[in-house]
Amino acid sequence: MSRISTLAAAAACALALVAGTAGAVSAAPTDQAPGVAAAAAAEKVDPVNWTPCNPDPSKPDPKIYDCAVYPVPLDYDHPKGEKIGIAMMRRRAGDPAKRIGSLFLNPGGPGGSGYLWATTARFDPQVQDRFDLIGFDPRGVARSNPLRCFKTAEESDAITGRMTGVPVTRAEVDETLDATEDYTDACSRNAGPLIEHMSTINVVRDLDRMRRAVGDAKLNFAGFSYGTLIGATYAGMYPDKVRALIIDGNVDPQLRLHNGLEYDRQRADGFEIALDEFLKRCQAAGAPRCAFGEGDTRARFDAIRDHLRTSPVTLPDGSQVTLSSFTSQVANALYAQSRLAPLAVSIQALDQAIQPRTASLAAAPSVDAAKVLTQTVPAALREAPADTPYTTDDSYYGVNCQDKPYPSNTRVFANVAKSWERESPTFGRYQAFDAPACASWPAPARDAERYSGPWNRRTANPVLVIGNLYDPATQYKFAQRMQQQLGSAVLVSVDAIEHCAIGRSKALNTLVTSYLVDGKVPASGQLLRPDAEIFPSVA
């Protein structure tokens, strides 16, 4: 899970100088200039050197997995120069005689480790039988030469500990922005040359090498969240190399690559839309099905949030719920439908702690249920190796700051926060302070080589775009825009409050399986339902 991240006039002026800068690349059918492209296409790559491995050494080896570290160029302008290793895991196809090829998987982030996604159960057994499932850590992530801005946890904590997730007071804002500049200074000192080569165009070049290295003539790929940008970029750079491309929980590639600040503003709006739908469905279910379902849920929630803006809530054990911890926990819960009923219990318990009252339809939950709201959700490396010196995820900024153009003045973020929270009162300020690091990042988007379109190249087969109606992190209109921007794509939707949909709807998985195995493209415009209810009936 990645951290959630009205353009003010000053910001608009600053951004106009950043967007569409010379670093962006509009690629031909391959990612290289004419002449170089032909050589790149003809270039032979070494095959992957797989060795058997066990994803979970604490359990018996199922003997169906292999692992490898595949070398790729650090800098594709110098392909024979320094190499970095991409960690890969493969779950071998269950029916080798009917094997179609490999299915590459990316869980998003940026910074999400995809290595163990070879073990995912999101897909039907027919997919596992017909494809090698391949998970990988993109460059700079987890096991693949992780981008590191610090040498020790102490160095990291000394800086990140000064940052407030949702800074409100002038002192909180100033200290957060000062600490952010100290953070990017540390990245400049410690990250090394990798920091200049973290943009998505390089991830996609790595992916195409891996495709060729496993012997596949065309790519089968499923990308989730940020992984949808990887998929869309691959479709733009190598349209004739696409066999099946599934993108679930979609970004808006055109907006993301041209206007990072406006993209983030719309992300805040997406979280707000999902929250509002959660509160509406909670009220409709009522208590006890939804623990927070009595009365006007919207007004009650807003009162809690506004209380936290000025005063943290101290629980009986001394722990505190702050605006930052509360906001991060609510955002985290919106990512998965299974977390929404527990979120309602926690919010109800917090409401009781602020203003004790007698619940009319159900016993009030214990105040202990509010304790989860005291913890800020960490932005940490997923499936990080045991020897990771600290848990802060530097690759998140390593990719975002190279892909998304931002103003170079950190004060812009403080200014837009005031505007954004008027239109997105719960998440506007939180999202505004997601990206100040990109203002002083040592290798910013304005200087980086990036793929910024075109997005409308027709792939050999149509792309399958999937979107939840109430996806918080990548709101539904992003999926609609993705389908419109791609040269050949269909959109299938799910009526769910959740980030990404595959594995949550049997009807959807049937379509996904048919698309991958049989090449049958589903009819565009279908609206499906998730299998589970948010608030199941109480027996």
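Author: The structure holds four disulfides, a disulfide being a pair of cysteine sulfur atoms within 2.5 Å. This is a predicted model, in which local features need pLDDT of at least 70 and side-chain atom pairs count only at pLDDT 80 or more, while totals for chains, interfaces and linings use all residues. Residues are numbered from 1 along each chain as its sequence is written, and side-chain values use heavy atoms, with hydrogens and water left out.

When the bonded cysteines are numbered in sequence order, they pair as 1-2, 3-4, 5-6, 7-8.

One of the links joins C53 to C67, with the two sulfur atoms 2.0 Å apart, and with 70° about the S-S bond it is right-handed. C53 lies in the loop between β2 (51-52) and β3 (65-73), whereas C67 belongs to strand β3 itself, so the pair ties together parts that are 14 residues apart in sequence; helices (H or I, at least four residues) and strands (E, at least two) are DSSP runs, numbered from the N terminus. C53 is buried at a relative accessible area of 14%, and C67 is likewise buried at 9%, where buried means under 20% relative accessible area, exposed over 50% and partly exposed in between, with a 1.4 Å probe and protein chains only.

Another disulfide connects C149 and C187, S to S 2.0 Å, and this link, with 100° about the S-S bond, is right-handed. Here C149 comes from the loop between β6 (131-136) and α4 (153-160), and C187 from helix α5 (residues 170-190), so the bond ties together parts that are 38 residues apart in sequence. Both ends are covered, since C149 is buried at 0% relative accessibility and C187 is buried at 1%.

C401 and C438 form a further disulfide, their sulfur atoms 2.1 Å apart, and because the torsion about its S-S bond is about -80°, this disulfide is left-handed. C401 lies in helix α13 (residues 395-403) and C438 in the loop between α15 (428-432) and β11 (450-451), so parts that are 37 residues apart in sequence are tied together. Both C401 and C438 are buried.

As for the setting, the protein has 17 helices and 14 strands, and buried residues make up 58% of its 539 residues.
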